Amino acid sequence: MAFDEAKGNATITLQAIDKKDTFSNCNEIEIFSKYEHVPWFSWLPFVHTNHPTPKENHQAIDFIKLHYKNDQNIYFGYMGYGLVPTENACEFKSKGLRIEKINNLEIVTSYHNET
């Protein structure tokens, strides 16, 4: 529905195509994506995290931007607590995005916290 990017942060408005695909009873959601490392100690060399890298996050934002400009649908989902509600209804926060490839399908997934 809408896409805006500033300094690597993205505001994405998504609308469910199918009524059964609503999230928290919202047919339309707004996602504020600001990349952050999760967990805070993920910079340690012996810590393994599944959180998207800055490069993966940038690739996912470019993917969303391209599909928005071309008026194409995308598949969007989240991992774990990938979307955290804000104080406003139907608004969520994300700390990282990644493109997951399953067979020939590309899905943008949101990550917030692995716990």
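Buried means under 20% relative accessible area, exposed means over 50%, and partly exposed lies in between, with a 1.4 Å probe and protein chains only. The model toured here is predicted, with local features needing pLDDT of at least 70 and side-chain atom pairs counting only at pLDDT 80 or more, while totals for chains, interfaces and linings use all residues. Residues are numbered from 1 along each chain as its sequence is written, and side-chain values use heavy atoms, with hydrogens and water left out.

Select Glu-36 first, which is partly exposed because its relative accessible area is 34%. Its side chain meets that of Lys-95 in a salt bridge at 3.8 Å, N to O, a salt bridge being a side-chain nitrogen of Lys or Arg within 4 Å of a carboxyl oxygen of Asp or Glu. This pair links distant parts of the chain, with Glu-36 in the loop between β3 and α1 and Lys-95 in the loop between β6 (91–94) and β7 (96–102), 59 residues apart; helices (H or I, at least four residues) and strands (E, at least two) are DSSP runs numbered from the N terminus. Lys-95 counts as partly exposed, at 22% relative accessibility.

Next, select Glu-5, Asp-62 and Lys-65, which a network of salt bridges links. In total, the structure holds six salt bridges.

Stay on helix α1 (residues 54–69) and select Asn-57, which counts as buried because its relative accessibility is 4%. Asn-57 touches Gly-8, Ser-33, Tyr-35, Gly-96 and Leu-97, leaving aside residues up to four places away in sequence, where contact means heavy atoms within 4.5 Å.

Finally, select Leu-14, Gln-15, Ala-16, Ile-74 and Phe-76, which lie nearest the centre of the largest pocket among its 28 lining residues. At least two lining residues come from each of β1 (2–6), β2 (9–15), β3 (28–33), α1 and β4 (75–78). A pocket is an open set of points on a 1 Å grid over the protein atoms alone where a 1.4 Å probe fits, with protein on both sides within 12 Å along at least five of seven lines, and lining residues have an atom within 4 Å of a point.
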